[in-house]
Amino acid sequence: MTVNAKKIATYALVVFVLYVIITDPAKAAGYVQIGFEGISDAAKAIGDFMTWAANGGKN
């Protein structure tokens with residue numbers, strides 16, 4: 001039963017994404033940019049933390 005629910009949820013998500021891309025490509029591009037900015041910020045934060053940890057937790 002859960003496999004079918006996962007398939008349905010996946011198909012619904014794909015249809016929604018395609019709908020947004022087709023009906024408003026500019027808005028879809030904005031969403032992609034927001035996503036990549038979030039990933040970039042997260043990677044920078046992890047890098048800052050690793051640098052801090054490598055320096056023994058000192059500023």
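D48 is partly exposed, with a relative accessible area of 43%. By that I mean the range between buried, under 20% relative accessible area, and exposed, over 50%, with a 1.4 Å probe and protein chains only. Before I go on, this is a predicted model, where local features need pLDDT of at least 70, side-chain atom pairs count only at pLDDT 80 or more, and totals for chains, interfaces and linings use all residues. Residues are numbered from 1 along each chain as its sequence is written, and side-chain values use heavy atoms, with hydrogens and water left out.

Back to D48. Its side chain meets that of K44 in a salt bridge, at 3.1 Å from N to O. The rule asks for a side-chain nitrogen of Lys or Arg within 4 Å of a carboxyl oxygen of Asp or Glu, and the count by it comes to 1. Why can these two reach each other? D48 and K44 are 4 residues apart in helix α2, residues 25-54, so about one helical turn separates them. In general, an α-helix has 3.6 residues a turn, so residues three or four places apart point the same way. K44 is exposed, at 53% relative accessible area. From K44 to N55, 11 residues along the chain, the C-alpha atoms are separated by 17 Å.

Next, the aromatics. Rings of Phe, Tyr and Trp, the last by its six-membered ring, pair if their centres lie within 6.5 Å; planes under 30 degrees apart are stacked, over 60 edge-to-face, and the rest tilted. That gives 1 aromatic pair. It is F49 with W52, tilted, 5.8 Å centre to centre with 35 degrees between the planes. Both residues sit in helix α2, 3 residues apart, again about one turn. F49 is partly exposed at 47% relative accessible area, and W52 is also partly exposed, at 38%.

Now the helices themselves. The chain has 2 helices and 0 strands, taken as DSSP runs numbered from the N terminus: H or I of at least four residues for helices, E of at least two for strands. After α2 comes G56, with a positive phi near 80 degrees.

Helix α1, residues 2-23, contains V17. V17 is partly exposed, at 38% relative accessible area. V17 belongs to a nonpolar surface patch with L13, V14, F16, L18, Y19, I21 and I22, which together have about 820 Å² of accessible area. Patch members have over 30% relative accessible area and no salt bridge; like charges are joined within 9 Å, nonpolar side chains (Val, Leu, Ile, Met, Phe, Trp, Tyr) within 5 Å.

Last, the whole chain. The C-alpha trace spans about 50 × 35 × 10 Å along its principal axes. Buried residues make up 3% of the 59.

How values were computed
Accessible areas come from the Shrake-Rupley method with a 1.4 Å probe; for residues, only the protein chains shown count as cover.
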